[in-house]
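Please open the structure in a viewer and keep the sequence alongside.

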Amino acid sequence: MEKLMKRWTRAVAVVALTCMIVLGGCYGTKLCVQAKSNDLRYAGLRDTLNAIPLQPESTGDAEIDAFLDMLLAQITTPEMDTHDKLKACYDYLIHHTVYGVSNNAAYYWLMGQAGAGYGCLVEGMGVCDDYSAAFSILARRIGVPIYTTGGMTHKSGGGYTPHAWCEYI
């Protein structure tokens, strides 16, 4: 049960950073969602994220890696902990990206997931797949093993629609 709770806590922490807010109570955990001063605070989230052993990854594309390094140098500092670096990536995406389909989306997706994330970052536009890809390549460049996954989610008018989000593995 403890192992399951730790995995659930990690999953909720990452999902929270990628725009999915769970409404309701704490369900018996120390991980609670609280709005305060226009910022989301999660009890225990900082410790959980800072405990992740960092293993920075390359996308395998020198141009994308150089862009990610340049962007991370602008939005993070060496003194920041893992939590603050991931929050800086999240904030950058929220403030510099609009929801929509880029005219060049197909081109970037031909480059794979790293290309989709790169396209979202350089064009400032994307849908859930692109936002997730962008956050995951930034996180992996920092060293946090976050990947995108997908499934179906409820539509406001009923039924289901495809959706993508990030997952800590």
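**Before starting**

The model is predicted, so local features need pLDDT of at least 70 and side-chain atom pairs count only at pLDDT 80 or more, whereas totals for chains, interfaces and linings use all residues. Residues are numbered from 1 along each chain as its sequence is written, and side-chain values use heavy atoms, with hydrogens and water left out.

**Stop 1: the whole protein**

Display the protein as a cartoon: it has seven helices and six strands. Helices (H or I, at least four residues) and strands (E, at least two) are DSSP runs, numbered from the N terminus. Along the sequence they follow the pattern α-β-β-α-α-α-β-α-α-β-α-β-β. Of the 169 residues, 42% count as buried; buried means under 20% relative accessible area, exposed over 50%, and partly exposed in between, with a 1.4 Å probe and protein chains only. Contact means heavy atoms within 4.5 Å. Among contacts between residues at least 6 apart in sequence, 53% join residues at least 24 apart.

**Stop 2: helices α3 and α7**

Select residues 62-75 (α3) and residues 128-142 (α7): their axes come within 10 Å and cross at roughly 80 degrees. That makes α3 roughly perpendicular to α7. Axes are lines fitted to C-alpha atoms, for helices over the stretch in contact, and angles run from 0 to 180 degrees between N-to-C directions. Angles under 35 degrees count as roughly parallel, over 145 as roughly antiparallel, 65 to 115 as roughly perpendicular and the rest as oblique.

Next, show the side chains where the helices meet: Ile 64, Asp 65, Leu 68, Asp 69, Leu 71 and Leu 72 in α3 face Ile 137, Leu 138, Arg 141 and Ile 142 in α7. These residues divide into seven nonpolar, no polar and three charged. Ala, Val, Leu, Ile, Met, Phe, Trp, Tyr, Cys and Pro count as nonpolar, Asp, Glu, Lys and Arg as charged, and the others, Gly among them, as polar.

Keep α7 selected. Because 14 of its 15 residues are buried, α7 is largely enclosed by the rest of the structure. Just after α7, Gly 143 takes a positive phi of about 125 degrees.

**Stop 3: aromatic rings**

How many aromatic pairs does a search of the whole structure find? There are four. Rings of Phe, Tyr and Trp (its six-membered ring) pair if their centres lie within 6.5 Å; planes under 30 degrees apart count as stacked, over 60 as edge-to-face and the rest as tilted.

Select Phe 67 and Tyr 118, an edge-to-face pair with 5.4 Å centre to centre and 85 degrees between the planes. Phe 67 lies in α3 and Tyr 118 in α6 (residues 113-123), so the pair ties together parts that are 51 residues apart in sequence. Both residues are buried.

**Stop 4**

Select Leu 45, located in α2 (residues 45-50) and buried, with a relative accessible area of 4%. Then select His 83: the C-alpha atoms of Leu 45 and His 83 are 7.7 Å apart, although the two are 38 residues apart in sequence. In α4 (residues 82-96), the buried residues include His 83, Leu 86, Cys 89 and Tyr 90.

Terms used:
The expected span of a helix is 1.5 Å times one less than its number of residues.
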